[in-house]
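Visitor: I would like to learn how to read strands, sheets and helix contacts from a structure. Could you take me through them one at a time?

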Amino acid sequence: MKGSVIKYERDNIDTDVILPGPYLKIHDYAELATHAMEGLDKDFHKRVKPGDFIVAGKNFGCGSSREHAPIALSYSGIKAVLALSFARIFYRNAVDGAFLLPIEIDESAYKDISDSDSLEVDISANEIKNLTKNKVYKMKPFPELIGKIIAAGGLFNYKP
Amino acid sequence: MLNITEKILARASGKNQVSPGDVVFVNVDKVMVHDVSGPGVLAVFEKLRKKGMIIDKVWNPDKVWVAEDHFVPAADKISAQNIVLLTNFTKQFGIKKHFKYGMGQYGICHTLSHEEAMVLPGEVYVGGDSHTNTTGALGAFAAGLGHTDVAYVLLNGKIWFKVPETLFFKLNGKLPDHVMAKDLILKIIGDIGTDGAAYKTMQFGGTGISEMSVESRLTLTNMTTEAGAKSGIVEPDQKIRDYLAGRGVTKYDEVHGDSDAQYEKIYEYEGSEMEPIVAKPFSPENTVVARDLSSVELDKAYIGSCTGAKLEDLEAAAKILKGRTVKIRTEILPAAMSIFRKAMDGGLLKIFMDAGVVVGPPTCGACCGAHMGVLAKDEICISTTNRNFPGRMGHIESQTYLASPLVAAASAVTGKITDPRDLK
């Protein structure tokens, strides 16, 4: 996966800013995408391109269980969120619904990656290449079950 | 050496023993969807049907129950349509427990779960809402899930969980009269942070919890979500048995932790030292003692939600509002019709109306900033709800302070954030 970075240098980016409450009644995935990140960055949907990555701090996706949050990001074109850590429901929604990859990175990668950098993510090698800065970072490997669900293409395709 | 959560998950996964970190597929006893997660689950079903899957039944319609709470009364045409979708869904799949707005008992899902004894001690309960944790106060494993996971449970009757580490919060002695469970849980979240219990279970115990009412315990488990917890739990005791018996339920299979149960960490709080606490915008961890905020002028007080509109919460507000009038816009929305009725029978509604308060129907509307009284730009609200993220209760530049019903009611009277002890 190759794409460029949209970086939010902050912790606790919650589901209320990823997809605000008034839009919870909407279940059209393309329409949800037009409201992605609206509570934090009004220009997100104008800026995001297919294949982009979000880079953020700890506890990404905290708050509500709304699957609208990973759906809105996914249908905006986001392929993966690279964060210091994730809130649990956002993490499992992203994986079980096969919407995007929640990738945990360490503090040094988080600091080093800049907005608009070009990245290449290789989950089989647990590596992130920064093509702009010509550097390589390690990602935290997915736990065994999570890796299997991702490989299967979501929970419904996974056979326990 | 297993704690209650490990024992419930072991039993539900057919194992003698599980340890934190193990991934298990557990059999689910109850599953809940509401008017946001229900249509979300149906969208997942549609996606699966397009891939050729035949979906004409759920695994066990008697274990599924449905609430209408987020967008009732129907906020607009889309919300009205979502209720129709939900109604068609329960009809088609033979789901009998559907609490419908305008037809007797209905209310916020996490309130119905205990008011209607929908979930019992020892059970595994999942719901399409993050505050599903609430029901762990009855001694169940209760956790929130998204649409895909709930759809999976509806079709397969099971779901995966990583067995969580447990943090044990021990309350020594009773809370003082002016302090509520809300103050204690805000204090805890302030101490450990909004990811302080991420992926873990928060268990509550000690003499202070034994003395605490069931409704107060529910306030604690409700807000474990705000510390990032997978679940919150209290071991069932006689108070839980009496509570359930009062709702006609006496048969269930209680689970208790072993006497040498293991916890990742134990935190101790002295009941007598607790004070009224408020969480400032824009995070539940942003806590200070209420008295430090006595200069904050308010536009609105909100007493509602699964967190802060149970009968006991309304009684606390009434204690303050009796014989007084509010200085700012104040709304009180009981969390379920059964509570609304008890508030009427107990004379609480008269106290509220005499004070100038608007009393409204159960809904999640204003708590999640969706409808039924959202905040304007720059407005400041004190609220008995559970979250105060940017834009949570309305305009992105509005502000919400989280507090107990006592603090919210005292603040409604003065128009400024007020410790109930300082009310003249």
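Visitor: Let me begin with two strands of chain A: how many bridges join strand β1 (residues 2–8) to strand β5 (residues 118–122), and do these strands run parallel or antiparallel?

Guide: Please keep in mind that this is a predicted model. As a general idea, strands of a sheet pair through backbone hydrogen bonds, and the pairing is either parallel or antiparallel. In the present case, β1 and β5 of chain A run antiparallel and are joined by three bridges; within β5(A), Leu119(A) is the bridge partner of Gly3(A).

Visitor: In what order do the strands of the sheet in chain A lie, and which are the edge strands?

Guide: The order is β4-β3-β2-β1-β5-β6-β7, an open sheet of seven strands with mixed pairing. At the edges are β4 (101–104) and β7 (135–138) of chain A, each of which pairs on one side only, and from one strand to the next the twist averages 30°.

Visitor: How does that sheet fit into chain A as a whole, and what is the radius of gyration of the chain?

Guide: Chain A has seven helices along with its seven strands, and from the N terminus on the elements follow the pattern β-α-α-α-β-α-β-α-β-α-β-β-β-α. A compact globule of 160 residues would have a radius of gyration near 15 Å, and chain A agrees with this because its own value is 15 Å. The C-alpha trace spans about 45 × 40 × 25 Å along its principal axes, and 49% of the 160 residues count as buried.

Visitor: What is the pairing in the four-strand sheet of chain B, parallel or mixed?

Guide: The pairing there is parallel, in an open sheet with the order β10-β9-β8-β11. Its edge strands are β10 (231–234) and β11 (265–270) of chain B, and the twist averages 20° from one strand to the next. Six bridges join β8 (residues 166–172) of chain B to β11(B), where Tyr269(B) is the bridge partner of Leu171(B).

Visitor: How should I read the packing of two helices, and at what angle do α2 and α5 of chain B cross?

Guide: Two packed helices are described by the angle between their axes and the distance between the axes. For α2 (residues 37–50) and α5 (residues 147–156) of chain B, the axes come within 8 Å and cross at roughly 75°, so α2(B) is roughly perpendicular to α5(B). Among the residues that make the contact are Val41(B) and Phe45(B) of α2(B), together with Val150(B) and Leu154(B) of α5(B); the residues of this contact divide into seven nonpolar, four polar and no charged.

Notes:
Residues are numbered from 1 along each chain as its sequence is written. Chains are lettered from A and ligands numbered from 1 in the order in which they are written. This is a predicted model: local features need pLDDT of at least 70, side-chain atom pairs count only at pLDDT 80 or more; totals for chains, interfaces and linings use all residues. Two strands pair if DSSP finds at least two bridges between them. Axes are lines fitted to C-alpha atoms, for helices over the stretch in contact, and angles run from 0 to 180 degrees between N-to-C directions. Angles under 35 degrees count as roughly parallel, over 145 as roughly antiparallel, 65 to 115 as roughly perpendicular and the rest as oblique. Two residues are in contact if their C-beta atoms, placed from the backbone, lie within 7 Å. Ala, Val, Leu, Ile, Met, Phe, Trp, Tyr, Cys and Pro count as nonpolar, Asp, Glu, Lys and Arg as charged, and the others, Gly among them, as polar. The radius of gyration is taken over C-alpha atoms; the globule rule is 2.2 Å times the number of residues to the power 0.38. A residue is buried if 20 or more other C-beta atoms lie within 10 Å of its own, exposed if 12 or fewer, and partly exposed in between; C-beta atoms are placed from the backbone.
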